[in-house]
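Hi everyone, thanks for coming.

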Amino acid sequence: MISLKQLHYALAIEKTLHFKKASEACNVSQSALSTAITELEKQLGVTIFERNNKKVLITDKGQLILNKAKVIKLEVDELLQVASIGQQ
């Protein structure tokens with residue numbers, strides 16, 4: 001099952017276009033982030049990121065997935081806001 005953590009990591013990579021910088025931003029090891037992204041791509045059956053030693057590129061299908069991940073993140077943030085109303 002796809003996790004919110006995987007989507008969070010993918011969005012961090014999209015923002016930085018760099019696995020090491022994304023892992024630092026997410027406070028996880030680069031290997032943990034890479035493993036999560038590899039598993040996400042395996043679960044979806046889609047390559048989101050093209051990687052080589054010099055740069056990270058987002059595939060066309062990957063960009064569609066990342067756009068949807070942004071919507072999901074916003075929905076989850078709204079859900080958390082609704083849940084917190086009146087809990088103070």
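This is a predicted model: local features need pLDDT of at least 70, side-chain atom pairs count only at pLDDT 80 or more; totals for chains, interfaces and linings use all residues.

**How the helices pack**

The angle between α1 and α4 is about 120°, and their axes are 10 Å apart.

Which residues in α1 and α4 meet? On the α1 side you can find Leu4, Leu7, Ala10, Leu11 and Glu14. On the α4 side, look for Gln63, Leu66, Ala69, Lys70, Ile72, Lys73 and Val76. Sorted by class, the contact of α1 with α4 has eight nonpolar, one polar and three charged residues.

Now turn to α1 and α2. Their axes are 8 Å apart, and the helices pack at an angle of about 125°. That makes α1 oblique to α2. Here α1 passes α2 in a right-handed crossing. From α1, the contact uses His8, Tyr9, Ala12, Ile13 and Thr16, while α2 brings Phe19, Lys21, Ala22 and Cys26. The residues of this contact between α1 and α2 divide into six nonpolar, two polar and one charged.

At what angle do α1 and α3 pack? The angle is about 105°, with the axes 9 Å apart. The two helices, α1 and α3, are therefore roughly perpendicular to each other. Gln6, Leu7, Tyr9, Ala10 and Ile13 in α1 meet Leu33, Ala36, Ile37, Glu39, Leu40 and Gln43 in α3. By class, the contact of α1 with α3 has eight nonpolar, two polar and one charged residues.

In soluble globular proteins, nonpolar side chains tend to be buried together. In our model, the largest nonpolar core has 20 residues, and those touching the most other members are Ile13, Leu33, Ile37 and Phe49. Which elements give two or more residues to this core? They are α1 (4-16), α2 (19-26), α3 (30-44) and α4 (60-84). The largest share, six residues, comes from α1.

Let's zoom in on Leu33. If we leave aside its neighbours within four places in sequence, Leu33 is in contact with Tyr9, Ile13, Phe19, Ala22, Ser23, Cys26 and Val28.

**Two loop residues to look at**

One more piece of background: most residues other than glycine have a negative phi. With that in mind, find Leu17, in the loop between α1 and α2. The phi of Leu17 is positive, near 50°. Is Leu17 buried or partly exposed? Leu17 is partly exposed, with a relative accessible area of 39%.

Next, find Asn27, in the loop between α2 and α3. Asn27 also has a positive phi, near 60°. Its relative accessibility is 69%, so Asn27 counts as exposed. The cut-off used here for exposed is over 50%.

Methods:
Residues are numbered from 1 along each chain as its sequence is written. Side-chain values use heavy atoms; hydrogens and water are left out. A nonpolar core is a set of buried Ala, Val, Leu, Ile, Met, Phe, Trp, Tyr and Cys residues joined through side-chain atoms within 4.5 Å. Buried means under 20% relative accessible area, exposed over 50%, partly exposed in between (1.4 Å probe, protein chains only). Helices (H or I, at least four residues) and strands (E, at least two) are DSSP runs, numbered from the N terminus. Contact means heavy atoms within 4.5 Å. Axes are lines fitted to C-alpha atoms, for helices over the stretch in contact, and angles run from 0 to 180 degrees between N-to-C directions. Angles under 35 degrees count as roughly parallel, over 145 as roughly antiparallel, 65 to 115 as roughly perpendicular and the rest as oblique. A crossing is left-handed if the near helix is turned anticlockwise from the far one by less than a right angle, and right-handed if clockwise. Ala, Val, Leu, Ile, Met, Phe, Trp, Tyr, Cys and Pro count as nonpolar, Asp, Glu, Lys and Arg as charged, and the others, Gly among them, as polar.
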